[in-house]
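Hi there,

Here is the structure I promised to pass on to you. Have a look at it first, and then read my notes below.

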Amino acid sequence: MKTLLLGILFVFTAFVLKAQEGHELWLRSSQKTVPVKIICSKNTPTLAIARQELQQGWQGEPNATVTLSITKNKKIKTDGFRLTQHEVEATTDRGILYGVYELLRRQQTGEGIQDEICNPSYAIRMLNHWDNLNGTVERGYAGMSIFWRKDDPFVVTEQDKTRWQEYARANASIGINGSSINNVNASPTVLTPEYLNRTKAIAAVLRPYGVKTYLSVNFSSPKVIGGLPTSDPLDPAVIKWWKDKVDEIYTLIPDFGGFLVKANSEGQPGPQDFGRTHADGANMLADALTPYGGIVMWRAFVYSSNDKDRAKQAYTEFVPLDGQFRDNVIIQVKNGPIDFQPREPFSPLFGAMKKTPVMTEFQVTQEYLGHSTHLAFLSTMWEECLQSDTYQEGPGSTVARCTDGSLYPQKYTAIAGVSNIGLDTNWCGHHFAQANWYAYGRLAWNNNLRSEQIADEWIRQTFPPASPSTTGSSLYAADWRENFLVPVKRMMLESREAVVNYMTPLGLHHIMSANGHYGPGPWWAPEKMRADWTPPYYHQAGTNGVGFDRTKKGSDAVDQYREPLAAQFNDPATCPDMFLLWFHHLPWDYKMKSGRTLWEEICAHYDKGILQVRQFQKTWDKVQPYVDSSRFVAIQRKLRTQCSDALVWKDACLLYFQQFSQMPIPYYLERPVNNLDEIRANEFLKRIP
Ligand code: BDP
């Protein structure tokens, strides 16, 4: 009976599930529109969008009346809203728009609506685009930039505008309210009139959706495009140049958000070039922006080649400056102390600068997690970071609370995600990478959300069943939940851990090849290369063991964490396994909590990663009846590549480390199928997808 039913279902869904290219993201238009009446006393471009969305997406009872009201309810923060089944109340029209999207989402996912107030965790919820003015995207794996292009760079076409509008709508639907639209490795040219004009055109399209526009700026701009002899932040002519530039920008874009700055980092210019501090540089820009309410997001991603431990440097450089920044400067800190690795402990800067606003920077684009080829749902990684306890103000001082204003009062609260968006039809390269854009927005709105809920919402909206009701009691709905929703959700929730397992288990980090950051390369160390850009610096493998000693006897990075964490991380017996080789250099035969040796444990993790991806393939093949053919095949192909890549990772790392451990790969595990010398010989030929 069940087989027959599945058979019928297969034929039925194959008919109903039209091929999809994924361009609609999680905003699939409903199959039939249900009429709704809307009462709203005001009209603004933003409210017009709110109305239109309701009219197109209403799935409640037919001809219901929905009231949109702007009030002065003090419990509702800017951007927040009060929601009932038939009412959205907010203090701004942006709040109304967010409330409408929430209402429609609840209808689509079948989640109930109480009379409730929803306020965002952060006032500023940013996407950072690493888009270059020539249209390429640094660490972008989904095509060229949606904002910039090489040919006819200043012509704004209807096609451009449509893309920007769709982009803004997707952001608004998950509460993202800011975009910095050019690479943090910023070209000074972006501040020339032609590029500012294009920026103005972009801002005009994003504005009604509540998305403010920001720019990344190059600290040498006064010299490079202003013709000044210096860019010294204390030089009066430099101060005036920035002030005039800011005036010019606000004349074009009155609601411009502000600047994002990467300074004295990886060769970028900055105040230290003139013997000044990060605070001198950031404050100078902040002062120019103050009259307009603009902000500076100053990145703490700094490290130099001569330090003993790269992981310690941001903290060492920034903590002494605590209290010296203007209140419209926010220090933007990557989630981990090194660089967006598949797993890092949280950056010790969170909670350490008590008199300075600090914001988290996540990487939505999968630079170190298989680009847009591997399926890796990053929500679990961000949740892990946000929920990490820093103990800065006693137990419960999570990273989330250290940055959202609940522990330290700050004028501006913010969060940033490095975008994974490009001109590809499906925006993100991998259909499942869309879930990372979605999850980032949802966590930026509510930093206490759980990945399980986020995945659930995303699946329901992105792969809705052919039958209109997912919540009703029909056999079909129950079947869809059991055979599609549950296994796909499980796969998503496990996917990041799988990547950690087959790439960098047990606290290993930064062992990928060369600059592509895609395949394995634990051996990669060209002669003249900076040591801290090569994997051996991070894994320290030798016949005596593996791992970076960051204990009190080593680089002492553990001391940047508050007790009880410092002591816990310092002792291999209490250090969580997942951070073991991040903090410790241990012999290959070190006895793990599991009873296995360290070497066996490493092997077991790499092996498990492979088994997990194989399971993802099985899961996906089985859900074919529930997915349109185009997305089904695209994802199936990507999973195949992920599986063969994972095998290369496992074989490369195990065969390389085995040269030091000199121990057999446990015989109960699969044998390598690739040869190390062949992987090494092909390393640079490997297609970067
Ligand atoms: C690294 C990227 C590099 C970025 C840098 C940054 O490899 O392309 O410019 O981060 O965040 O992860 O500035």
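A crossover counts as right-handed if, with the strands pointing away from you, the path from the first strand over the helix to the second runs clockwise. Keep that in mind as you look around this predicted model.

Let's start with strand β10, which covers residues 295–299. Strand β9 (residues 258–261), helix α8 (residues 278–289) and β10 form a right-handed β-α-β unit. Another right-handed β-α-β unit is made by β10, helix α9 (residues 313–318) and strand β11.

β10 pairs with β9 in the parallel sense over 4 bridges, and W298 in β10 is the bridge partner of V261. With β11 (residues 329–334), β10 also pairs in the parallel sense, over 4 bridges; here R299 has Q332 in β11 as its bridge partner.

Is β10 buried or exposed? Of its 5 residues, 5 are buried, so the strand is largely enclosed by the rest of the structure. Both faces are covered: I295, M297 and R299 are buried on one side, and V296 and W298 on the other.

Now for the cysteines. A disulfide needs two cysteine sulfur atoms within 2.5 Å, and by this rule the model has 0 disulfides. C385 is in none, as the nearest cysteine sulfur, that of C402, is 10 Å away. C385 is also buried, with a relative accessible area of 6%. For C603, the closest cysteine sulfur is in C653, and at 11 Å this is too far for a bond. C603 counts as buried too, at 0% relative accessibility.

Enjoy exploring!

Best wishes

How values were computed: Residues are numbered from 1 along each chain as its sequence is written. This is a predicted model: local features need pLDDT of at least 70, side-chain atom pairs count only at pLDDT 80 or more; totals for chains, interfaces and linings use all residues. Side-chain values use heavy atoms; hydrogens and water are left out. Buried means under 20% relative accessible area, exposed over 50%, partly exposed in between (1.4 Å probe, protein chains only). Helices (H or I, at least four residues) and strands (E, at least two) are DSSP runs, numbered from the N terminus. Two strands pair if DSSP finds at least two bridges between them.
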